[in-house]
Amino acid sequence: MPINFQRLLQESWNFMRNQANFSLFGVGLLVILQLIGIYFLPTSTISQDNMQSVSSMKDINMLAFASSIIWAVLSIWVNILLILNIKSINAGQYRSFFSNIGGALKGFLPVIFLNLIMVMPLAFASSLSGVSVATGNSLPIMGIVVMVLGVFIFVKYSLVTYVYLVESPRKSISETLRLTWAMSRAKMKLLSVFCGITYLLPLLINLLIGQTNGDIGILVVQIVGSFINVFMVIFSFRFYQIYRELPIVQGKR
């Protein structure tokens, strides 16, 4: 395999340790967002003793949905800011954590759109699977095909955010999609390992530590989760730098 993942993980940890102020600021900001989402944003949970009318329940559900969207939007924006700050650090142009606010705002909508392209096929396949489980039916062949296609597209475009934000000069959305697809040719094994480290591994860790109760336990979980988030952004950035140097294979998927 052309990329040494063990070395990349070590280099990412060294970067995080050497850029302690940046790292701590990023972790702290993510922790604050997580705690706001837990303690201040409304949820659709209603106790049996406080059952309200159907219309009121719908209002609560809509408010909870809107709040979750706002929280997700803010989290994506912070991740964009992290990537742009790492880019500035590598270029020797980093001044403060919020010096790239303008760039993060400018790139926000394109990144949202690019991520939707990456996740929508897999999300659609997952919804089909959920409906099948809920109705007690087995997943139809078409659902399996859509699931495989969704995973394939997700892996192929797993670096689309970094292509858009890191490339200089910045490319258009269509150019970003074409370049991301072209670079992924004959590299699915490499990208699959990358996705396993950056998506599945944090998910497993969160599942293991997410069973704690009480305010202290919740705080610890959020700190650990935010730390992993910042580390994985650094790791993904460094991975993209090396991945970008690999030759683009012509004529293969």
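**Salt bridges and a patch**

Guide: Let's start with E11, which counts as partly exposed because its relative accessibility is 25%. Here buried means under 20% relative accessible area, exposed means over 50%, and partly exposed is in between, with a 1.4 Å probe and protein chains only. Keep in mind that this is a predicted model, where local features need pLDDT of at least 70, side-chain atom pairs count only at pLDDT 80 or more, and totals for chains, interfaces and linings use all residues. Residues are numbered from 1 along each chain as its sequence is written, and side-chain values use heavy atoms, with hydrogens and water left out.

Visitor: Okay. How many salt bridges does a search of the whole structure find?

Guide: Three. A salt bridge here is a side-chain nitrogen of Lys or Arg within 4 Å of a carboxyl oxygen of Asp or Glu.

Visitor: Which residue does E11 pair with at 3.1 Å?

Guide: That's R7, with 3.1 Å between the closest N and O atoms. Both sit in helix α1 (residues 5-18), four residues apart, or about one turn of the helix. Helices are DSSP runs of H or I with at least four residues, numbered from the N terminus.

Visitor: And is R7 buried or exposed?

Guide: R7 is exposed, because its relative accessible area is 55%.

Visitor: What about R238, which side chain does that one meet?

Guide: R238 meets E11 in a salt bridge, 3.0 Å from N to O. That pair links distant parts of the chain, as R238 is in helix α9 (residues 214-245) and E11 is in helix α1, 227 residues apart. R7, E11 and R238 are therefore linked in a network of salt bridges.

Visitor: Where are the partners R244 and E167?

Guide: The R244 and E167 side chains form a salt bridge at 2.7 Å, N to O. R244 is in helix α9, while E167 lies in the loop between α6 (160-166) and α7 (173-183), 77 residues away. R244 counts as partly exposed because its relative accessibility is 29%, whereas E167 is buried because its relative accessible area is 11%.

Visitor: Switching topic: which residues form the nonpolar patch on the surface?

Guide: I141, M142, I144, V145 and V148, with about 510 Å² of accessible area together. Accessible areas come from the Shrake-Rupley method with a 1.4 Å probe, and for residues only the protein chains shown count as cover. Patch residues have over 30% relative accessible area and no salt bridge; nonpolar side chains (Val, Leu, Ile, Met, Phe, Trp, Tyr) are joined within 5 Å, like charges within 9 Å.

Visitor: Where's V145?

Guide: In helix α5 (residues 141-156). V145 counts as partly exposed because its relative accessibility is 46%.

Notes. Helices (H or I, at least four residues) and strands (E, at least two) are DSSP runs, numbered from the N terminus.
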